[in-house]
Amino acid sequence: MATLRLDGRRIEVQDGDTIGAAAFRAGVRTFSRSLKSHRRRGLYCGTGDCANCLVTVDGMPGARACVTEARDGMRVTRETGWPSADRDTLAIMDRMHWATPVGFYYKVFSRPRWLWPLAERVIRRATGTGTLPPTEHVTATPTRFLRVDTLVIGGGVAGLAAAAAATGRVAVAEGGSIGAAAIDPEARAAIDRLAVQARVAGVEILERHAAIGIYEGPSVPLLGPDELVEVEASRVIVATGAIEAHGVFPGNDLPGIWLGRGAARVAAAGVKIGDRAIVVANTDAGERIGAALRAAGAHVTVVTGRVLEARGRTQVSSVTVLTPQGRRAYACDALVLSLGWAPRDSLLRMSPDPEVVGAGEVVLPGCSLTAAEDSGRAAARGESVEARLAEPWPVLEHEGYVCVCEDVRVHDLEAAWEEGWTSSEILKRYTTATMGPCQAALCSRHLAAFTQEKGAVPGATGRTTARPPLRAPRLEELIGGVHEQAERRTALHERHHALGARMDHSGLWLRPGTYGEFREEIRAVRQRVSVMDVSTLGKFLVGGRDARALLDWTFPLDVASVAPGRARYLLALDEAGYVMDDGLLAALRDGTFFLTSTSGGADRMEAWLRNWIDRLDLHAHLVNQTAQLGAINVAGPHARDLLAALSGDDLSREAIPYPGHGEIEVAGVPCRALAVGFVGELSYELHHPRGRSVELWDALLDAGRRWDIRPHGLDALDVLRLEKGHVYLAQDTMPDDHPTKLGLDWAVAMRKPDFVGKRALERMAQLPLERSLVGLRFDGSPQRGHPLTVDGAIVGRITSCTESEAVGGSIGLGWVRAVDGVFPAQLRAGELTATVVPTPFYDPGGERLRA
Amino acid sequence: MSLLVPCPTCGDRPFTEFAFGGELRDVSSPDTASDFARVYLRENTASAQEERWFHLLGCRRWVTVRRDTTANRFER
Amino acid sequence: MPELRGGQLAVILCAADAEALDALVAPGHGARTLRTCSDEVLVVAAPDVADTVAREVRDRIAALDPDALVLDVTDGWSAWSLIGADAAHAFSYLSALPVPDPGGFTQGDVARIGATVLGGDDAVTILVPAYWRQHVRERAIRDANAIEVRP
């Protein structure tokens, strides 16, 4: 015999049982305790719409017992009530309505203020539905993309008919199993027939995949049992059906009160819902529901009318109905409501896309099976169906639970209205009605009807906005493959690892920070020779007859002044005249240009250049060579000696000027050698085919042993460039730094007629210079980011700083503001004194890099 | 989840494949006064506007498209 | 579970005026010519014919656009192929792009990066900038359940 454990108690499971059916058969009537008042709640909707039966299954909370398949060995616990749902000490809350009026947390416990944190802790522990299992780590749910022409949400009669009739690629997403919601043989037969038709037509049916929202596209995420499917559809047909309208009357939340279809569904599982059942049916489903209940052994009376009141202690024991013949009171242990129809239209209401349409009961509530099928086929043909109003609609009695999830009664809505919250959206937020786990499935129309009855202004009486997600997704479902960073690697990645490098994330790239001792690396650069992997640099080839015009427009430098064979420092300004990126421009001998940018700015540089090619309709050709070329910077007093050992080419300053470039072969690898000066020593940045990076690197390290070569990484680079006063963009610069603030006016050719940012620079030249980046010397070791002060007032900040062996002492860069029009020469950084000094700190004449 | 941008080369693609380039504006201005407006001021209209989008994860080219900012739909 | 194979493909890039590329006759030798956008063509070929193909493209485009750039950019690209009857299904775990027909191609988001995707028979080839080679390999194994087969 198959069994599951419910709160430790063994319960028999029959074939096809849901957890709810098995538990009910075993005598369980209280499935949860309500949020605020800890009232008993039992199975109500029976179709997975309300939140009364939320249970934790095998450690995972949030399962609806009425639609969750029961399996042998399951461990199920009810989530609310302490010490148990049956005996809840906090049931006393049901007598404390006077202390917890609507919005009480704004009124009670908020004063004295010190009381609130204590009160909050108690309140939190007393509420909530379920406890998350403690997990060590979360692994992402597999995510896949599915592109279809038509997505049908809902695998009932209308949905399957639509899917079978739709052309192109079609998928059906059904939250449960196909046919599980059918309450009579006729419906089941129709579903079986249509399911076969759909499968024959090649429709992909995704069972146990719940659609949690409809986003722009339209696109629909489906939560499956162990996958997330992101569906992109040209059309979406929502065929999610309808449930009975929620009844609001005194005693309406007692266990033993059911919505009709749910009761019939449980009865279809062979569960007797009571000895004496009263069905109050104002729809024409009454007889069908009654028949289903009788088949499971209940004695059933079907009446029509208005439910005035239900009474009972731990479950319903009597109901008073105003029938056409007058007031009648009935003794009962089950009250089944079919007072009207509430289409499950949240998904439809989420999407204004005309490509999202409804079919079946979601637009024609209470329609016949044939009508549902026809509307499905019509939707597949592209005909939209006019939604029929959900009538009849039950009257809101003077008392009763409107929002069952959040314990909001009619009385609470009335009180909130009196306090001045006179629109449905505001009432929602103040009372929390519609904000519970059922996400307005039961009460959204009731809330709207309430505001209409009270005479709210037009526009304040609508149903509250429907938003995704419909069900709470788990964290692992949300992170499925979406938010991880893609890492870029150079061809020398394995070499860096083999040398013991600490690899750092530098933007999107993985780069060596240091190979062990960054001070040793600095010494190698300054005194001997070193190499660095700078393959991450943005690299571009620009050709075409308008290449020069493109570069002259895009950048502030005078391209004509860069002769073939020469290179020039390149500043990139945005349209506001602010420094966006920097690099090098080399004029190649064949009339094309090679330019480099910072590693992090490569994509932006490409987009920037392509923008101007497009807007100015230039005949210029741009190739992004960032991936195609590796680059190794050979730097140090012996840099030329090292290259000479591996190359027969002319490496003199005549052949490769500074700043300039030359095409040479090093260790048999063809290289474009850029004579650069970033680290302040004689340097050759060797750009070569990426496929030969390893070969070149190995050859340089091998031949370099003669000078005790060691490679350097980012940590060393930071010090080396700082000793030369070179800026790191976004560290030393701010988004509104124009060249003057950075002392880079020399890189701007204002004599050119026009270039990007020129007018902005002209405008800013009229304004007083308020901020400047300066070199600093400290009498101690400051921290990066530390404020700089004059007489206690903050006038700047340290942007970079380091101890420098080469120049002796502590140096840095920082920005300072002018005080009374004058830039201070001496500042304080906490306990330290900072003196403004000219840069570069090291080799100010630049003799070493011009060697 | 996906606002679809109509790329003439690659077809309709989710906006996540693109970088947004803002309202279409003039390439340059005749003087500093009009330049300030061109660089900093936007129409910010509640209707259709011309915009620039860069297809970063696709063809890596710019497109100028017309989008209705209230309905958030592109015009073809 | 599909196979994952690192590809050996040569890639030739031709950047030229749109009119010139419209008139360009695609090279043979089994090469696939992809018009990636109006002003650019990528020619994907077997490595042993790379030089021949590059020469052919260079010669043909010179007459149509003397300023055109033709470069062997093989080093800049890495190719990974998902192979097997379930290749298309496996690809759906990496990308929302529709799998191109054999001989066709598409460009877009694959494993959160920009890729060029080539359709084949029971095979999908993903072409990405070489610095993302490892990223695609890892995602194909982790998310598409591919099994790497080394040459």
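Analyst: Chain C is divided into domain 1, made of residues 3-7 and 76-148, and domain 2, made of residues 10-75. The model is a predicted one. Taken over C-alpha atoms, the centres of domain 1 and domain 2 of chain C are separated by 23 Å. Where these domains touch, seven residues of domain 1 of chain C are in contact with eight residues of domain 2 of chain C. On the domain 1 side of chain C, β7 (105-110) and β8 (113-120) each supply at least two of the residues that touch domain 2. By class, that side of domain 1 of chain C has four nonpolar, three polar and no charged residues.

Chain C also touches other chains. Its contact with chain B takes seven residues from chain C and 10 residues from chain B. On the chain C side of this contact, β3 (32-37), β7 and β8 each supply at least two residues. The largest share, three residues, comes from β7(C). The residues of chain C that touch chain B divide into two nonpolar, four polar and one charged.

The contact with chain A involves 28 residues of chain A and 25 residues of chain C. On the chain A side, β8 (143-153), β13 (228-238), β29 (538-543) and β33 (621-624) each supply at least two residues. The largest share of that side, five residues, comes from β8(A). By class, the side of chain A that touches chain C has nine nonpolar, 10 polar and nine charged residues.

Now to the sheet within chain A. Five strands of chain A form an open sheet in the order β28-β34-β37-β36-β35, with antiparallel pairing. Strands β28 (530-533) and β35 (660-666) of chain A stand at the edges with a single partner strand each, so one side of each has no neighbour in the sheet. On average, and with direction ignored, neighbouring strands of this sheet are turned by 25 degrees against each other.

One pairing in the sheet can be followed down to residues. Strand β35(A) is joined by seven bridges to β36 (residues 669-676) of chain A, and the two run antiparallel. Within this pairing, A:Ile664 stands opposite A:Cys671 of β36(A).

Two helices of chain A lie against the sheet. Helix α18(A) packs on the sheet and touches β34 (629-635), β35 and β37 (683-689) of chain A. The direction of α18(A) makes about 125 degrees with that of β34(A). Helix α19(A) lies across β28, β34, β35, β36 and β37 of chain A, and runs at about 15 degrees to β34(A).

These helices also meet each other. Helix α18 (residues 639-646) and helix α19 (residues 693-703) of chain A pack at an angle of about 115 degrees, with their axes 10 Å apart. At that angle, α18(A) and α19(A) are therefore roughly perpendicular to each other. Their crossing is right-handed. From α18(A), the contact is made by A:Leu642, A:Ala645 and A:Leu646, and from α19(A) by A:Ala699, A:Leu700 and A:Ala703. By class, this contact has six nonpolar, no polar and no charged residues.

The axes of α11 (residues 424-431) and α12 (residues 444-454) of chain A come within 9 Å and cross at roughly 120 degrees. That angle makes α11(A) oblique to α12(A). Helix α11(A) passes α12(A) in a right-handed crossing. The residues that make the contact are A:Ser424, A:Leu427 and A:Lys428 of α11(A), with A:Leu447, A:Ala448 and A:Thr451 of α12(A). They divide into three nonpolar, two polar and one charged.

Strands β5 (residues 54-57) and β6 (residues 60-64) of chain A run antiparallel and are joined by three bridges. The bridge partner of A:Val55 in β6(A) is A:Ala63. Two residues lie between the strands of this hairpin, and A:Asp58 takes a positive phi near 50 degrees.

Definitions and conventions: Residues numbered from 1 in each chain as written. Chains lettered and ligands numbered in written order. Predicted model: local features only at pLDDT ≥ 70, side-chain atom pairs only at ≥ 80, totals over all residues. Axes fitted to C-alpha atoms, helices over the stretch in contact; angles between N-to-C directions. Helix = DSSP H or I, 4+ residues; strand = E, 2+ residues; numbered from the N terminus. Parallel < 35°, antiparallel > 145°, perpendicular 65-115°, else oblique. Left-handed = near helix turned anticlockwise from the far one by under 90°. Nonpolar A, V, L, I, M, F, W, Y, C, P; charged D, E, K, R; others polar. Pairing = 2+ DSSP bridges. Domains from an automatic or database assignment.
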